[in-house]
Amino acid sequence: MQELLRETHPFPPFLPEGMRIFILGSFPPPENRWSMKFFYPNKQNDFWRIMGYIFEGNKDFFLFRDEKNEKRQLKRSQGNHQETFYDLPKIKKFLRKKKIGLSDMGQEVIRRKQNASDAFLQITIPLNLTGILDEIPSCMMVAAAGEKAAEMAGNFLGVVPPEVGKWVDFLFHNRRMMFARLPSSSRAYPLPLEQKAEMYRKIFEQADLMSDER
């Protein structure tokens, strides 16, 4: 039987200054599905459409819309056999402004099938979640997207994951925090984008992300 290869996470955690919410997934899809070198790179995943819909009223807000710039970016990426689809500088600027951090609970995994499904993902080295939170006292919420991320984050925090779309209060090293459960942004998760976005919005309101000042 062929030995399954271990994959290490391709991106470091994105931890903006003053981070208020830390959104956690499980692990990126195989590289041949990427449209950028950043979290949620698969253009068939709706995470960035959900964010655009919530904060800008436009699910295409983080996609390239300038034709000349898009062609230049596509030409630049062709040598790596990758399709540029998302406006990554705009995404990072948005995350820094809103103080949203991103990472995945899997830092080393064994992928039993070449897809992005959690069902075939074995996490062999998890994210040091508690270590990161100790270093960032401004963070008031951990939000896990997907069942595997929620279970593993809950184990680190000593908290039972809430139902999808809900959150619970907990005490982390004498610090009051919230643990939220986001619906998966994968299109395999059986909810329309608008319904997922409404769940995200309610959770983001708890983390005080929806004010115009942020």
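Residues are numbered from 1 along each chain as its sequence is written, and side-chain values use heavy atoms, with hydrogens and water left out. In this predicted model, local features need pLDDT of at least 70 and side-chain atom pairs count only at pLDDT 80 or more, whereas totals for chains, interfaces and linings use all residues.

Helices (H or I, at least four residues) and strands (E, at least two) are DSSP runs, numbered from the N terminus. Just after H6, Asp 208 takes a positive phi of about 60°.

A nonpolar core is a set of buried Ala, Val, Leu, Ile, Met, Phe, Trp, Tyr and Cys residues joined through side-chain atoms within 4.5 Å. The largest nonpolar core holds 39 residues, of which Ile 23, Phe 38, Trp 48, Leu 102 and Phe 204 touch the most other members. Two or more residues of this core come from each of S2, H1, helix H3 (88–98), strand S3 (100–104), S6, S8 and H6, and H1 gives the most, with 6 residues. Apart from this core lies another, of 25 residues, among them Met 19, Leu 24, Ile 132 and Phe 172. Leaving aside neighbours within four places in sequence, Phe 38 is in contact (heavy atoms within 4.5 Å) with residues including Phe 11, Phe 14, Trp 48 and Leu 102.

Phe 62, placed in the loop between H1 and helix H2 (67–77), is buried with a relative accessible area of 0%. Beyond its neighbours within four places in sequence, Phe 62 is in contact with Trp 48, Met 51, Gly 52, Tyr 86, Asp 87, Lys 90, Ile 91 and Phe 94. The C-alpha atoms of Phe 62 and Met 51, which are 11 residues apart along the chain, are separated by 8.5 Å.

Arg 111, in strand S4 (residues 106–111), is also buried, with a relative accessible area of 4%. Its side chain is joined to that of Glu 7 by a polar contact of 2.9 Å and reaches the backbone oxygen of Pro 28 at 3.0 Å.

The structure holds 15 aromatic pairs, in which rings of Phe, Tyr and Trp (its six-membered ring) have centres within 6.5 Å, with planes under 30 degrees apart counted as stacked, over 60 as edge-to-face and the rest as tilted. Phe 11 and Phe 39 form an edge-to-face pair, at 5.5 Å centre to centre and 70° between the planes. Phe 11 lies in the loop between strand S1 (6–8) and S2 and Phe 39 in the loop between S2 and H1, so the pair ties together parts that are 28 residues apart in sequence.

Definitions and conventions: Buried means under 20% relative accessible area, exposed over 50%, partly exposed in between (1.4 Å probe, protein chains only). A polar contact is a pair of N or O atoms within 3.5 Å; within protein, one must be able to donate a hydrogen and the other to accept it, and residues adjacent in sequence count only if both atoms are side-chain atoms.
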